[in-house]
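Dear colleague,

Please find below the structure that I am handing over to you. My findings follow directly after it.

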Amino acid sequence: MSHVVTVTGVSKSFGSLAVLKGVDLDVARGEVLVIMGPSGSGKTTLVRCINLLEEPDAGHIHICGQSISCGPNARRNRARAKAVRQLRNRAAMVFQHFNLFPHMTALGNVIEGPLSVRGMPKADAVALGERLLERVGLADKRDVYPARLSGGQKQRVAIARALAMEPEVILFDEPTSALDPELHAEVLRTMRSLAEDGMTMVVVTHEVAFAREVADRVIFMDDGRILEQGPPAQFFSRPAHERTRSFLRLVQPERPAV
Ligand SMILES: Nc1ncnc2c1ncn2[C@@H]1O[C@H](COP(=O)(O)OP(=O)(O)OP(=O)(O)O)[C@@H](O)[C@H]1O
Ligand SMILES: [Mg+2]
């Protein structure tokens, strides 16, 4: 099976706080991987380590032939800096709080990467940006600034911006948790359609219905480690660990006690 992402032995501490304790993870091409777990278990840190927004203290990150070793013995030369840039372009990130440029229109936000990072001619970038805004249902918001967009619309612009980099994988960190509940559906619908198109996705989310329907695999993180994982049918109905069971009671309270 071809893996888009391989993470081996990734550890990360902030001061004396060990946040990731040797995480191993493979993501197959076209796979939708959902990461769940309690607050502080290291989910955000893990996805930030995958595209090296956060530098792991130890371990190895491999994305589509681009391999980066981390830790005190890793060489910090120009070749590594270039490999990190390339890796980031292959692993686009969608954040909880959108992180759009406030001084750019929806289209401006989407074409910024193609223009400045991919060196695309303006006309091509605009055509791509218009196509992607259409793809996320926002063709009519082309010239609107983020301040005039709803949270769900901002997040869909952020998804279009991620797609504009033509990434191998998109990493989502709680893409709906900053949104009012009535706006979750429009963002989840867009994400589901990306999954149907075969996009490889790593999604930190507590949206159980989304995970059940769209995920190929669900991972449960606890205290800096992957405690358990499995296909959603198994993960949600027969979790192996009591910690997973008590967490699931919190995020799917409508279910009978497991
Ligand atoms: N830049 C940082 N400096 C210091 N501590 C940090 C930093 N980033 C994260 N931490 C700490 O690392 C731990 C794990 O944080 P992380 O954000 O990865 O958790 P999480 O699982 O995403 O939690 P949540 O569900 O609340 O988003 C937390 O205790 C957090 O306070
Ligand atoms: Mg987080």
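In this predicted model, helix α9 (residues 242-251) has Thr244, Phe247 and Leu248 as its buried residues, where buried means under 20% relative accessible area with a 1.4 Å probe and protein chains only. Helices (H or I, at least four residues) and strands (E, at least two) are DSSP runs, numbered from the N terminus. Seen down the axis of α9, these buried residues fall within an arc of 100°, so they line one face of the helix; the arc is that of the directions from the helix axis to the C-beta atoms. They pack against β3 (32-36), β9 (217-222), β10 (225-230) and α8 (232-237), contact being heavy atoms within 4.5 Å.

Six strands form an open sheet with mixed pairing, in the order β6-β7-β8-β3-β9-β10; two strands pair if DSSP finds at least two bridges between them. Its edge strands, β6 (91-94) and β10, each pair on one side only. From one strand to the next, the twist averages 20°. Axes are lines fitted to C-alpha atoms, for helices over the stretch in contact, and angles run from 0 to 180 degrees between N-to-C directions.

Four bridges join β3 and β9 in the parallel sense, and Met36 has Phe220 in β9 as its bridge partner. Helix α2 (residues 78-90) packs on the sheet, touching β6 and β7 (169-173), and its direction makes about 60° with that of β6. Helix α5 (residues 151-163) also lies across β6 and β7, but runs at about 175° to β6.

Residues are numbered from 1 along each chain as its sequence is written, and chains are lettered from A and ligands numbered from 1 in the order in which they are written. Local features need pLDDT of at least 70, side-chain atom pairs count only at pLDDT 80 or more, and totals for chains, interfaces and linings use all residues, while side-chain values use heavy atoms, leaving out hydrogens and water.

With kind regards

Methods. Buried means under 20% relative accessible area, exposed over 50%, partly exposed in between (1.4 Å probe, protein chains only).
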